[in-house]
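Try each task before reading its solution.

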Amino acid sequence: VLIPPENADLVYVAAIGNPFAPNPERGVYRSKNGGQTWEKVLFVSDRTGAVDLEFAPDDPNMIYATMWRAERKPWTIISGGEEGGVYKSTDGGDNWTQLTDGLPTGLRGKADLAVSGGDPNRVYVLIEAPGDEGGVYRSDDRGETWTQVSDFQPIRNRPFYYTNLEAHPKEPDILWGMAEGYFKSEDGGKTWARQPVPHGDNHDMWINPD
């Protein structure tokens with residue numbers, strides 16, 4: 001769920017949809033009346049849902065979204081395909097462009113975004129992809145071009161369950177990655193150090209923006 005601080009009636013939701021079968025409910029939804037009514041503003045296919053949303057820290061009309069082909073079967077997990085990836089809107093969700101320059105463009109799966117108010121031009125994404133293609137990618141031009149900074153395996157572990165990346169709200173070089181461990185980077189995702197936590201599952205975190 002994404003809500004701009006200056007307009008509590010405007011709400012965005014990333015919907016994975018029914019995880020057990022193809023369905024048309026997957027995508028990004030927007031409400032302009034506090035959730036009373038909704039419109040679907042980004043749809044890729046009935047197999048690919050939305051998994052993460054982020055505003056540009058200085059412009060709530062600029063939205064980044066990640067789309068993920070995900071389906072859970074009794075006998076397997078389908079995570080990824082030839083569609084999905086990272087998308088961007090500059091008009092509050094009316095129109096979207098897929099971002100591909102420097103990102104994996106073949107088989108790709110779950111992805112999670114991170115932005116920092118310390119540098120609104122910078123965007124990170126942790127993306128599931130085969131071999132050393134997966135990992136952390138960084139953009140310094142609001143998603144127009146990307147460079148891989150790390151394929152550190154521990155934060156890529158079990159991507160269907162985890163794939164969690166967060167950025168410090170004021171220091172854009174500080175990141176946290178979460179999976180079956182909890183890791184911190186202080187150099188923009190290049191190197192990672194394990195942090196102590198009470199349990200092995202690390203699905204999300206929140207840091208006070210102040």
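This is a predicted model: local features need pLDDT of at least 70, side-chain atom pairs count only at pLDDT 80 or more; totals for chains, interfaces and linings use all residues.

**Exercise 1. A glutamate in a loop**

Step 1. Look at the strands on either side.

Step 2. Glutamate 128 is buried yet has no salt bridge. The nearest side chain of opposite charge belongs to lysine 110, 7.9 Å away, whereas a salt bridge needs the nitrogen and the carboxyl oxygen within 4 Å.

Step 3. List the contacts, leaving out residues up to four places away in sequence. Glutamate 128 touches Trp68, Ser79, Arg108, Gly109, Lys110 and Pro159.

**Exercise 2. The largest pocket**

Which strand gives the largest share of the lining of the largest pocket? Describe the pocket as you go.

Solution. 

Step 1. Begin with the volume: the largest pocket holds about 1,000 Å³ of space. Its lining counts 36 residues, and those closest to the centre are Leu2, Glu54, Val115, Glu166 and Trp206.

Step 2. Sort the lining by strand. At least two residues each come from strand E4 (48-56), strand E5 (59-72), strand E9 (111-115) and strand E13 (164-167). The largest share, six residues, is supplied by E4.

Step 3. Sort the lining by class. There are 23 nonpolar, four polar and nine charged residues.

**Exercise 3. An enclosed space**

How many cavities of 30 Å³ or more does a search of the whole structure find, and which residues line the largest cavity?

Step 1. Count: the search finds one cavity of 30 Å³ or more. The volume of the largest cavity is about 40 Å³.

Step 2. Name the lining: Gly85, Val86, Gln98, Leu99, Thr100, Leu103, Pro104, Thr105, Arg108 and Ile127. Strand E7 (85-89) and strand E8 (97-99) each give at least two of the lining residues.

Step 3. Classify the lining: five residues are nonpolar, four polar and one charged.

**Exercise 4. Salt bridges and burial**

How many salt bridges does the structure hold?

Solution. Side chains of opposite charge can pair when their charged atoms come close.

Step 1. The total is 12 salt bridges.

Step 2. Lysine 73 and glutamate 71 pair at 2.6 Å, N to O. Glutamate 71 is buried, because its relative accessible area is 1%; lysine 73, at 22% relative accessibility, is partly exposed.

Step 3. Arginine 122 and aspartate 173 form a salt bridge whose closest N and O atoms are 2.6 Å apart. This pair links distant parts of the chain, 51 residues apart: arginine 122 sits in the loop between E9 and E10, and aspartate 173 in the loop between E13 and strand E14 (175-178). Arginine 122 counts as buried at 9% relative accessibility, while aspartate 173 counts as partly exposed at 33%.

Step 4. Glutamate 186 and lysine 184 meet at 3.5 Å, N to O. Glutamate 186 is exposed, with 57% relative accessibility, and lysine 184 is partly exposed, with 23%.

Step 5. Finally, look for a network. Salt bridges link Asp119, Arg122, Arg138, Asp140 and Asp173.

Key: Residues are numbered from 1 along each chain as its sequence is written. Side-chain values use heavy atoms; hydrogens and water are left out. Buried means under 20% relative accessible area, exposed over 50%, partly exposed in between (1.4 Å probe, protein chains only). Lys and Arg count as positive and Asp and Glu as negative; His and the chain ends are not counted. Contact means heavy atoms within 4.5 Å. On a 1 Å grid over the protein atoms alone, a cavity is a set of points where a 1.4 Å probe fits but cannot get out, and a pocket is an open set with protein on both sides within 12 Å along at least five of seven lines; lining residues have an atom within 4 Å of a point. Grid points are joined across faces, edges and corners, and a volume is the space filled by probe spheres set on the points. Helices (H or I, at least four residues) and strands (E, at least two) are DSSP runs, numbered from the N terminus. Ala, Val, Leu, Ile, Met, Phe, Trp, Tyr, Cys and Pro count as nonpolar, Asp, Glu, Lys and Arg as charged, and the others, Gly among them, as polar.
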